[in-house]
Every structure is written in structure tokens, then in C-alpha cells.
Amino acid sequence: MRSLRWKIALNFLTLLFLTLVAAYLYLHQAILNALGLPWLPPFRAGVLVARLEGQLLLTMLVVLVVMTAGTFILSRGIIMPLTALLPLTQKIAGGDLEQRIEIQSNDEIGLLSHHLNVMVETLRNNFREMAEERNKMQAILASMSDALLTVDQVGRVMLLNPAAETMFGKKGTEVEHKYLLEVIRNHEIDKLVKEILASGIPLEIETRLFPTTNQLFKIYGAPIISAQKRVVGAALTIRDITNIRRLEQMRTEFVANVSHELRTPLTSIRGFVETLLEGALEDPEVSRRFLGIINKEAQRLQQLIEDLLALSRLENQPQRIRPGRAKLMPTLEGVLATVNPLAREKGVNLEVQIPAGLPPLAIGENYLSQVLLNLIDNGIKYTPAGGRVTVRAGLENDGLRVEVEDSGIGIPAASLPRVFERFYRVDKARSREMGGTGLGLAIVKHIVEAHGGNVGVTSQPGQGSCFFFTLPVVTEGKAQAESPIPEKAQN
């Protein structure tokens, strides 16, 4: 501000000096004219004129000194308010928008101070709104389960949301300003982005991001349009649709399986009915045999529908399953009474190896009965004559483990992970021949898991299978001594 004061003073004094010089020359000539003398240089027109000129120069010098002092005083009055503004404007320029200029005057400086205060207030409000919008945007991006990635007009990454950082295992700051192909080694996505940037049209594809996995992703890309209607970038949302496609495939397979399972008995029933109507009804022996087959197929159809309804209830309304309480041995005795005729008919021995004093299970008796019935019935069906089905139980950690082991045909290793799927059969022809619906083990799995347990199977072809499930127990009084499962059953 000193330079500004000196500029004001020097400019004013220069103008004043020139004005005084011009006045001096004018008065000098006026004196010569009044005396009738020609033009002469200063102090060359005689003593009287020289004395007048000296007085005139002295007066001009006094005026110059006085005006110089007045100029400095006046410039100080102008500069001081501006000097007071300087530190405040420096803080504002540095980003401190909480400053307020307190200069009360009615001149231009006061108006300038007011305008500066209004400008700072406007900037403060704008920055506050921008911060709020930024926080909202960050919250929205953080809450998105889909990965979001944006690129600029040349394909360099600008932003990753937290889901994208987790998906790619990289922080946004690490990949910022890198080309998309450096971040995602996928030429399909790179081609998609280039087409969006070139055409300005939203596009989508389904692809595998990572060649080492079977995960399937849906990529939706949309252009980022500026206020001037130019494409300045693209935004990609990336969604993992592996489970969706798997569920769609399961649904398709389920519909196909249900249709096939329903069609088989219906076709059989219709064929025998048509045969009876065409004349076989006249033969009592043939009629009885055909009606017996029709009755068997109808029962199979009814069992299939009942199993489907039970499975649907377990899958769609697990919250409606109320916690129950059932003792293993009494429930097992009821199940054995049901399956004993089938076991005797096939020549299969049933063995029970269950210690006394086991605590009750946290499951309803009807559900436990259904689980045991399905497992034991399967064991009997797939065990040849002279074989055995053994039921074991023992405490394990915080639950009770129950095993149903048979000496039957066994299950190939490739089929073990799928035996609890709906309609999955290791040997489809043999399973249908035995009257199975392909839903029993799926029902077992849903019942056990709905009650906080787990199921599993171990098997070797030709050596039998061991199906097991674990359920939580209801603790009563003192903790029961743990009864381990025999070593053979654990293999």
C-alpha cells in the first residue's frame, strides 16, 4: 500500500509542479508586458522585476510544500481503509470464508466493503451447499451394492465407489487417471466404453470380469453429458448376476423336472385307462392288474404333489416354523414301525445304536419324524437283500449328530455335492422304479437348516452311504455326558 500512496502523491505533485511552472511563466510574461518590455529570461528584466519574480517563486515554493503535505495527509485517509482490507482479503483468498469486513462509511470504500461481504456470504453458502451435495453423493455411492465406475472422455478412470474398490481390490486414489484397460483387463468392457463415448448411447453387456472365476457380471454404461450437450465421460454400473443366472437356471430345471415328473405318472395312468376303455375292462384279471398300476401311479402323483407343497412351505415361509421339542428315541420308534414292513419285504436288517439319556432336540416331533423317515426309507430302498441300515446318534459340540448308514450301492463322488438338490437322482431310472420323487433329501435339508442344523453325506460306490444331520439340543438340568459317535460311523 506504500507504493500506492507514493503513486498518488507523485502524480499529484508532478501535476502541481507543472501547473506552478506554467503559472510562473505566465505571470513572468504578464509583468514584462505591463512594463512594456520584450520577452526576457527570468531575473534579466531589472531589479524590480527580479524582486517580483523572487516573491512569486517563494510563494510557489510555499504552495508546493503545503500541497505536498496535504497530499500525503489526503492519501493516508484514502489508503488506510484499503490497508485494513488487505489482511482480511488475504484470509478470504486463502479459503477462510468466515471473515467479515467491518468498515462503516458512505463512500465508495464502504460500498466496496459491503459488496465484498455479500460476495463472501454468497461463496460461503455455495460452498456449504456443495459440501452437502458432496456428502449426499458420497453416502449414495457408499450405500450402493453395485460397483460404480466413471471415466472421462478419453477413457481414464475418474471415480470408484466403495463397492467397486472392494470388487477390484484397489483404492480409487490408486487407479485415478489410469486408463480403464489398466484397471479392468477386459477388452469387452473397454470396447463398450469406447462405443458409449463415440455414440452417446447407453449400452449394456454380460461378461466375466475375472477369467479365473465363473462369476457373471452385467455391465450397464451410460454417457455423461455436459451442459453444452457434449459427451464428457461415461458411467458404468457393474452387478454380479451369478446367483441370479444360477437361480434362473434352477427355476428352469425345476419347471422341467416337475413337468417331467408329473407327466410320467399321468401318461401311465392315461395309457392304462385307454387300454381298459378299449376292451381290457372285460377281463377281470387284467382290469385288476391295470387298476392296481393306476392306483400306484396316482399315489406316486399324490406323493409328488405333497412333497412339492412341503418343500414350498419350507422355502417360502421358514419364519413360520415354530421351535419345538422332540426326543430322538420315541420319534425313531414311530418311524421304525412305519418302515419295518418295507425292510422285511426287501430283506434289510435295521439296527439302532443310540445311547440312553440323550437330551431332547430343538425341533418339532413331526419334522424330526419326516427327516428320519426320508433318510431311513432311502437307505432301505437302495440297499440290496441281506444288507443293513444302521441309525446312530451322539452328542457333538453343542448339538446332537444323527447318522443313517446303509450298506447299499453307494453314491459316486461326482454326485455327492448334488444329492440334496431338488429332483436330483444318481440313478434316475432306478429311483423312479422305486417310487422316489427326488424331493426327499431336499426336504430333509430344508427342515434341518430351518432349525439351525446342518446335513451331509459320505459315500463310496459299492460300500454304502452315510447320511448325517446335526441339530441343537434343549439343555435340561445338568449337562449330559457327551456320547461320541462310534469311530466307524464317522468315516
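Predicted model: local features only at pLDDT ≥ 70, side-chain atom pairs only at ≥ 80, totals over all residues.
1. α10 passes α11 in a right-handed crossing. α10 covers residues 328–346 and α11 covers residues 365–381. Their axes come within 9 Å and cross at roughly 25°. Angles under 35 degrees count as roughly parallel, so α10 and α11 are roughly parallel to each other.

2. Who makes that contact? On the α10 side, the residues are Leu 328, Thr 331, Leu 332, Val 335, Leu 336, Thr 338, Val 339, Leu 342, Ala 343 and Lys 346. On the α11 side, they are Glu 365, Leu 368, Ser 369, Leu 372, Leu 373, Ile 376, Asp 377, Ile 380 and Lys 381. By class, the contact of α10 with α11 holds 12 nonpolar, 3 polar and 4 charged residues.

3. α11 also meets helix α13, residues 440–450. The axes of α11 and α13 come within 9 Å and cross at roughly 145°. The crossing of α11 and α13 is left-handed. From α11, the contact uses Tyr 367, Gln 370, Val 371, Asn 374, Leu 375 and Asn 378. From α13, it uses Gly 440, Leu 441, Ile 443, Val 444, Ile 447 and Val 448. This contact of α11 with α13 counts 8 nonpolar and 4 polar residues, with no charged residues.

4. Five strands form an open sheet in the order β6-β7-β8-β10-β9, and the pairing is mixed. β6 (349–353) and β9 are the edge strands, each pairing on one side only. On average, neighbouring strands of this sheet are turned by 15° against each other, direction ignored. α11 touches β6, β7 (388–396), β8 (399–406) and β10. The direction of α11 makes about 170° with that of β10.

5. Look at the β9 end of that sheet. Strand β9 (residues 454–460) and strand β10 (residues 464–472) run antiparallel and are joined by 7 bridges. Val 457 stands opposite Phe 467 in β10. Ser 459 stands opposite Ser 465 in β10. The hairpin of β9 and β10 has 3 residues between the strands, and Gly 462 takes a positive phi near 85° there.

6. There is another open sheet to inspect. It has 5 strands in the order β2-β1-β5-β4-β3, with antiparallel pairing. β2 (157–160) and β3 (203–207) stand at the edges with a single partner strand each, so one side of each is left without a neighbour in the sheet. Neighbouring strands here are turned by 20° against each other on average, direction ignored.

7. Now the pairings inside the β2-β1-β5-β4-β3 sheet. Strand β1 (residues 147–152) is joined to strand β5 (residues 231–240) by 6 bridges, and the two run antiparallel. Asp 152 stands opposite Gly 233 in β5. Strand β4 (residues 217–225) is joined to β5 by 9 bridges, again antiparallel. Ile 219 has Ile 238 in β5 as its bridge partner. β3 and β4 run antiparallel too, with 5 bridges between them. Thr 207 has Phe 217 in β4 as its bridge partner.

8. Check the β4–β5 turn. These strands form a hairpin with 5 residues between them. Lys 229 lies in this turn and has a positive phi of about 65°, although Lys 229 is not a glycine. Is Lys 229 buried or exposed? At 71% relative accessibility, Lys 229 counts as exposed.

9. Where is His 177 found? His 177 sits in the loop between α5 (172–175) and α6 (180–183). With a relative accessible area of 56%, His 177 is exposed.

Key
Residues numbered from 1 in each chain as written. Heavy atoms only, no water. Axes fitted to C-alpha atoms, helices over the stretch in contact; angles between N-to-C directions. Helix = DSSP H or I, 4+ residues; strand = E, 2+ residues; numbered from the N terminus. Parallel < 35°, antiparallel > 145°, perpendicular 65-115°, else oblique. Left-handed = near helix turned anticlockwise from the far one by under 90°. Contact = heavy atoms within 4.5 Å. Nonpolar A, V, L, I, M, F, W, Y, C, P; charged D, E, K, R; others polar. Pairing = 2+ DSSP bridges. Buried < 20%, exposed > 50% of the residue type's maximum accessible area, 1.4 Å probe, protein only.
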